[in-house]
Structure formats: structure tokens, C-alpha cells
There are 2 protein chains.
Amino acid sequence: QMVVWDEDGFQGRRHEFTAECPSVLELGFETVRSLKVLSGAWVGFEHAGFQGQQYVLERGEYPSWDAWGGNTAYPSERLTSFRPVACANHRDSRLTIFEQENFLGKKGELSDDYPSLQAMGWEGNEVGSFHVHSGAWVCSQFPGYRGFQYVLESDHHSGDYKHFREWGSHAQTFQVQSIRRIQQPLGYLKGCYDICLPQPPK
Amino acid sequence: QMVVWDEDGFQGRRHEFTAECPSVLELGFETVRSLKVLSGAWVGFEHAGFQGQQYVLERGEYPSWDAWGGNTAYPSERLTSFRPVACANHRDSRLTIFEQENFLGKKGELSDDYPSLQAMGWEGNEVGSFHVHSGAWVCSQFPGYRGFQYVLESDHHSGDYKHFREWGSHAQTFQVQSIRRIQQPLGYLKGCYDICLPQPPK
């Protein structure tokens, strides 16, 4: 579930979604200017029809455009379509990265979050292709999850992303320097996670 | 080890650091405009003397200001001082977060990365105080590691951060919606990590 507003700071017209929205223009919005994610994980797109820059939106509050999209080289300040991210199993996420397109060259297996691929031994600042075995992932242009984002899901394209054209309509580079799982817990109360929040005060 | 340039795209004057730098102004730089982190994890500061906004810099390439600092509500486009982050043990990082300042109220124990604290059961968008038991962490204003960043280390302040004034000279809010460990591997070849990169081509 997600709530969007057409002004900053959760002001102006308001609309709730529980399923994908191919265009907020049809709601009379010029663009979305603030939002709250109440459950699930979502991906927002710059343009209608799930096109353009991608922004991963996890649970929390985003009072202005800076909160989700400031850190890109070509800011457009537009957020026009949304869909939920399908995360089968966050704990069992597995991804293979390849040095070259079409699953060629050196490869690496990932099952955790990597704010710097180079720090873990990957050479260079590019990834040529991806195969998502399970889960949903977001890869980013710069270290620390900054810059352009691209969502990779095992349920899309059969998990195969063999060229940058397949990981986003706005991608024009193989540059990828950080990768992490998209967080969509099955419920921390079920003991799926090693965090125990909140606890009663002492 | 870190290399900085005074123009975008790794151009212009160049300087290498292996230890802290309280001011690039003394090198004749107006500001740093591009940088590469070759080893370790660093924190960069907006102003001289380790003051102002903080930017976590992990291994990789940062060709322009957007790469490390675009995503903040008050961009200053300045990067003037640096120091290495002391990460005793990335695998054994442990942090307690508290609802209120001075270690009061509800609390939560963290030992992993959390792109959305709310998704894991934390109520609200604020953290009142922190105690770092071990490791080095970065907390961020918005979900997905976006917005203002604050570095928290077990080796500073004895790991105690009891009010937002203690986690950064630019912090003016308790708003914290994502937290992760800072990545400084001891060496993936030693079997410290479950990633095996790079592998020989098949």
C-alpha cells in the first residue's frame, strides 16, 4: 500500500494505491511530489507506462523529490508511474553478475548486500549482464547505492538481463558499482530476521 | 588510499591520501570535484576540519559531485576534508537504536543492513540516540540510504551518540529511516565473505 500527494510535505491532492498505477496523469496529477510507502516495496518511474528512471521505494516517508531521486546526474523531478516489486524471498536472494553482456566473461555470485563491488574484488566499475536466480535486487551506478538505479527481479524476463537495454529504458551505460537486495520482509515477528524491533522500554 | 582531483571526471590537479586530510584548501584546491577510493572506507566532509555534511566513500569511482552528494535537501557541492573510517570488524557489527535521546524509550538491536527501519517494525521516522557496540555504521535520513548521512563508529565517543548534535555538526533532526554497516572487508580471499569475485571465466 502506498499514498501519494501532488505537493511537497504530504499536502495537496492525495491518492492511495494497492496495485500498479501506469500513470498519475490520469488522476489529474502533474507529478507526484511526496509519498509514503505503508507496506511492500515499490518501484517508481519517471515517465508514464513504467518508463524512464527507476526509483526503489521501501517502507517509509518521502516528503519531497530529494528523498527518492535527488542523487542522479540528470534530475527530472518527475514520478509518474508505479508498480509493486515482487520479492519472493528476501532471505534467499541470489544473483549472478557477469563481466560482459550475454552472460560472458568473469562472474560473481551474490547473496548479500554490496555497497561497493570493487571492495569485494570485482574489477572495474561495470557489470555486463545479470541473472537473478531468486529475489529482487537493485543495482546502482555509484558506490553506496547512489546514482541511477535499476531493479532486477527473478519474476521478470525469467531473471535474465543480458544487456543494459534490458535493465531500464533510461540506462545508457554498463556502470554498476553497488548492488543490494530489495527489502520486503515476510514479517519480523515470525523470526525471519535477526532484528527484534521494537522491544518494550527497560 | 584515496585520490582526489579538482575537476570533474578525474581531471585537473591530483592528490593522493593515505591518512586524514583536514583541509584540501591547503593544497590549493577550491574543492574536490572527483575522486577514487582505492582501499579502505572514508568519510568526506563538506567543510574543513571535518565539519558539515558527511559523505561515506567506499571503494570505487566518483566522477562528479552527483556520485557522492547529490541526494541531499541542501546541496552545497563542497567536499573539503576527509578521514578514514575505522571498521574493526564488518562481520561482527552491532548497534542499538533508541526511541528517545539519552538512550531512553523503546530500543532495537541491529547486526545487518536495513534499507527501511519501518519495514522491520520500527515505529516512526526518527531515532533518538545510538550506541555502537562494534563496527562502523552509516544512518540516513530517508529509506534506501538516501538524504543526509551520519557516520557512527564504535571508536568515536565510546560508541555513544546520545543526541543528534553528537552525530554531526549539520544534523538538525532525529529523522533516520535507513541504517547499514560501512563496508571495509578484511579481504575476501581469506574467506571472510560469502562472495567469490572474480572467478575465472567458464
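A:Ser81 touches A:Cys21, A:Pro22, A:Ser23, A:Val43, A:Gly44, A:Phe45, A:His47, A:Ala48, A:Gly49, A:Phe50 and A:Gln51, leaving out residues up to four places away in sequence. A contact here means heavy atoms within 4.5 Å. The model is predicted: local features need pLDDT of at least 70, side-chain atom pairs count only at pLDDT 80 or more, and totals for chains, interfaces and linings use all residues. Side-chain values use heavy atoms, without hydrogens and water, residues are numbered from 1 along each chain as its sequence is written, and chains are lettered from A and ligands numbered from 1 in the order in which they are written.

A:Ser81 belongs to strand β7 (residues 81-84) of chain A. Strands (E, at least two residues) and helices (H or I, at least four) are DSSP runs, numbered from the N terminus. With a relative accessibility of 0%, A:Ser81 counts as buried. Buried means under 20% relative accessible area, exposed over 50%, and partly exposed in between, with a 1.4 Å probe and protein chains only. A polar atom of the A:Ser81 side chain lies 3.0 Å from the backbone nitrogen of A:Phe50.

A:Leu152 is part of strand β12 of chain A. Apart from neighbours within four places in sequence, A:Leu152 is in contact with residues including A:Leu95, A:Phe130, A:Val132, A:Tyr161 and A:Trp167. The C-alpha atoms of A:Leu152 and A:His131 are 8.7 Å apart, and the two residues are 21 apart in sequence.

Chain A as a whole has 1 helix and 14 strands. Of its 202 residues, 57% count as buried. Among contacts in chain A between residues at least 6 apart in sequence, 67% join residues at least 24 apart. Chain A is divided into domain 1 (2-84) and domain 2 (94-181), with bounds from an automatic or database domain assignment. The centres of the two domains of chain A, taken over C-alpha atoms, are separated by 24 Å. In chain A, 13 residues of domain 1 are in contact with 15 residues of domain 2.

The pockets come next. On a 1 Å grid over the protein atoms alone, a pocket is an open set of points with protein on both sides within 12 Å along at least five of seven lines, and lining residues have an atom within 4 Å of a point. A volume is the space filled by probe spheres set on the points.

| Pocket | Volume | Lining by class |
|---|---|---|
| Largest | about 270 Å³ | 5 nonpolar, 7 polar, 4 charged |

The largest pocket has a volume of about 270 Å³. Of its 16 lining residues, A:Phe45, A:Phe50, A:Gln54, A:Arg83 and A:His157 are the closest to its centre. β5 (51-57) and β12 (146-153) of chain A are the elements that give two or more residues to this lining. β5(A) gives the most, with 3 residues. Domain 1 (2-84) and domain 2 (94-181) of chain A both contribute to the lining, so the largest pocket lies between them.

Two or more lining residues come from each of β5 (51-57) and β12 (146-153) of chain B. The second largest pocket lies between domain 1 (2-84) and domain 2 (94-181) of chain B, because both give residues to its lining.

Notes: 1 Å grid on protein atoms, 1.4 Å probe; cavity = no way out; pocket = protein on both sides within 12 Å on 5 of 7 lines; lining within 4 Å. Nonpolar A, V, L, I, M, F, W, Y, C, P; charged D, E, K, R; others polar. Polar contact = N/O pair within 3.5 Å; in protein donor to acceptor, adjacent residues only side chain to side chain.
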